[in-house]
Amino acid sequence: MKIAVAGTGYVGLVTGVCLASKGYRVTCVDVDEEKVKIMQEGVSPIYEPGLSELMMESMENLTFTTDYAEAYKDAEVIFVGVGTPEKSDGSANLTYVYQVAKQIAQSADRDCVVVIKSTVPIGTNDKLESYIHDKQKNKDIKIYIASNPEFLAQGTAVRDTLHASRIVIGTEEEYPKQVLLKVYEKFEAPKLTVGRRSAEMVKYASNDFLALKISYVNEIANLCETVGADVEEVTKGMGLDPRIGNRFLNAGIGYGGSCFPKDTKALSWLARFNDKEIRTVRAAIEVNESQKFKLVKKAKKYYDDFLFLNIAILGCTFKPGTDDLREAPSLVNVPLLLEDGAHLRIWDPVGMENFRKRIGEKNICYCNTIEEALEDADLCLIFTEWDEVKKLDVRKYKELMKRPIVLDGRNCYPLERFENTGITYGSVGRRTVNDIN
Ligand code: UDX
């Protein structure tokens with residue numbers, strides 16, 4: 001079976017490589033010539049554990065090209081995994097999806113199934129179908145459109161694709177259903193065929209539910225701080241109930257990334273557009289926006305202002321295991337601290353270069369080690385729970401910092417580690433150890 005994949009971001013490239021690893025001949029298409037050149041050498045342009053290795057192993061089945069016409073001409077299945085970024089009103093920007101749809105309509109020269117993996121508002125597949133049929137150059141062929149949302153998380157994208165929790169196929173027609181069941185034959189996962197609009201909704205409803213779970217636990221954490229409970233103990237107790245489950249109950253400084261922030265806003269926009277209100281999701285968004293500033297608010301207890309303070313920042317990516325900064329709490333907090341006159345010492349094992357490109361160098365020292373970042377710091381803020389941070393001997397905070405105040409936005413350490421250390425350790429939803437009154 002000949003497969004083409006449009007877009008080589010986290011979704012497209014991982015999909016293409018995983019399909020190639022199962023023996024399919026896959027042509028990955030991207031508009032970015034530089035990126036395509038890199039991939040032709042067998043190098044992954046994105047940091048994703050396991051991806052480079054699998055890509056190297058599967059190169060004989062992989063082709064990378066900017067020549068979409070050649071790729072789509074005789075493909076039996078075309079996966080679309082291009083971005084649907086957020087527009088200023090919160091709705092999804094479908095420009096890239098439509099660009100690909102137009103190219104497919106102009107190039108396809110045999111019956112094929114166009115599989116939309118990009119996260120798109122409910123009803124988009126229907127619109128794309130009309131659009132493609134309108135623009136279709138070869139009127140003798142049949143182009144089917146099916147929805148097949150992805151549920152991969154960055155950092156575990158390969159595993160999530162090869163061992164998916166479920167494969168959702170959205171179509172009302174038999175042919176695309178059979179083609180997709182065939183494509184996924186070698187993937188062991190529950191396969192569910194539903195209507196196209198339902199498939200589109202499964203994606204938003206799943207992501208928004210997880211975002212809601214996080215915002216809920218963050219509010220519980222904030223309340224725990226006020227009433228003297230410990231959020232870790234509370235979530236342990238909650239998580240033992242199988243109806244609740246113990247995952248996605250980690251309190252912190254809010255969710256970031258390429259999906260939750262965008263997909264919550266997009267669903268909220270879609271509801272409003274249809275004269276409906278999705279109040280739970282709106283609440284999740286509001287809670288998340290204020291949660292991102294929690295550490296800086298906490299820091300105000302120790303410093304009236306941040307002028308000329310040396311502040312160590314540990315982690316800038318939106319979560320560990322990725323170099324992605326999208327919607328990371330660091331991106332809104334660092335400019336705020338700089339505006340207040342702070343001098344920052346930033347450490348991140350993989351995200352620093354991207355961060356430097358976004359935020360620049362002024363009043364920032366980018367450090368190669370955690371130790372270097374902590375040197376002479378008046379305050380340390382932890383934004384990402386990298387393993388290196390979790391494994392750090394906490395006595396280093398005392399040894400290296402000018403004033404050992406550590407505010408941890410990801411609850412990296414058990415509180416006991418800080419008892420009798422002389423280090424002030426504040427986290428989310430738990431008591432502050434060695435607090436200064
Ligand atoms: C998410 C979904 O998990 C995935 O199924 C979907 O396809 C895309 O969006 P991703 O954004 O890569 O994946 O990361 P995820 O691990 O879900 O984390 C998202 C954000 O939530 C991160 O900022 C993370 O720090 C935060 N988070 C996650 C919490 O704050 N607490 C938790 O308990 C879990």
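**Entry 1: cysteines**

I began with Cys367, which counts as buried because its relative accessibility is 0%; buried means under 20% relative accessible area, exposed over 50%, and partly exposed in between, with a 1.4 Å probe and protein chains only. I noted that the model is predicted, that local features need pLDDT of at least 70 and side-chain atom pairs count only at pLDDT 80 or more, while totals for chains, interfaces and linings use all residues. I also noted that residues are numbered from 1 along each chain as its sequence is written, and that side-chain values use heavy atoms, with hydrogens and water left out.

Cys367 is in no disulfide, and its nearest cysteine sulfur, that of Cys365, is 3.8 Å away. Cys18 is in no disulfide either; the nearest cysteine sulfur to it belongs to Cys28 and is 11 Å away. I recorded Cys18 as buried, because its relative accessible area is 0%. For reference, a disulfide is a covalent bond between the sulfur atoms of two cysteines.

**Entry 2: helices H1 and H3**

Helices (H or I, at least four residues) and strands (E, at least two) are DSSP runs, numbered from the N terminus. The axes of H1 (residues 10-21) and H3 (residues 51-58) come within 9 Å and cross at roughly 45 degrees. Axes are lines fitted to C-alpha atoms, for helices over the stretch in contact, and angles run from 0 to 180 degrees between N-to-C directions. H1 is therefore oblique to H3; angles under 35 degrees count as roughly parallel, over 145 as roughly antiparallel, 65 to 115 as roughly perpendicular, and the rest as oblique.

I recorded the crossing of H1 and H3 as left-handed. A crossing is left-handed if the near helix is turned anticlockwise from the far one by less than a right angle, and right-handed if clockwise.

**Entry 3: helices H5 and H6**

I next examined H5 (residues 95-107) and H6 (residues 124-135), whose axes come within 8 Å and cross at roughly 35 degrees. The crossing of H5 and H6 is right-handed. In H5, the residues Val97, Tyr98, Ala101, Lys102 and Ala105 meet Lys127, Leu128, Tyr131, Ile132 and Lys135 in H6. By class, I noted seven nonpolar, no polar and three charged residues in the contact of H5 with H6.

**Entry 4: Ala211 in helix H9**

I located Ala211 in helix H9 (residues 196-227). Is Ala211 buried or exposed? Ala211 counts as buried, because its relative accessibility is 0%. Leaving aside neighbours within four places in sequence, I found Ala211 in contact with Tyr255, Phe260, Thr264 and Ala284. Ala211 and Val281 are 70 residues apart in sequence, yet 8.2 Å apart in space from C-alpha to C-alpha.

**Entry 5: helix H14 and its surroundings**

The axes of H14 (residues 329-339) and H15 (residues 352-359) come within 12 Å and cross at roughly 50 degrees, and the two helices are therefore oblique to each other. I noted that H14 passes H15 in a right-handed crossing. Ser330, Leu331, Val334, Pro335 and Leu338 of H14 meet Phe355, Arg358 and Ile359 of H15. I recorded this contact of H14 with H15 as six nonpolar, one polar and one charged residue.

Which residues of H14 are buried? They are Pro329, Ser330, Leu331, Asn333, Val334, Leu337 and Leu338. What covers the buried residues of H14 includes helix H13 (294-299), H15, and the strands E9 (310-314), E10 (343-347), E11 (364-366) and E12 (379-382). H14 is followed by Gly341, whose phi is positive, near 90 degrees.

Most residues other than glycine have a negative phi. I found that Asn420, although not a glycine, has a positive phi of about 55 degrees. Asn420 lies in the loop between strand E13 (405-408) and strand E14 (424-426), and counts as exposed because its relative accessibility is 77%. Asn434, also not a glycine, has a positive phi near 50 degrees. I placed Asn434 in the segment after E14 and recorded it as partly exposed, because its relative accessible area is 29%.

Methods
A disulfide is a pair of cysteine sulfur atoms within 2.5 Å. Contact means heavy atoms within 4.5 Å. Ala, Val, Leu, Ile, Met, Phe, Trp, Tyr, Cys and Pro count as nonpolar, Asp, Glu, Lys and Arg as charged, and the others, Gly among them, as polar.
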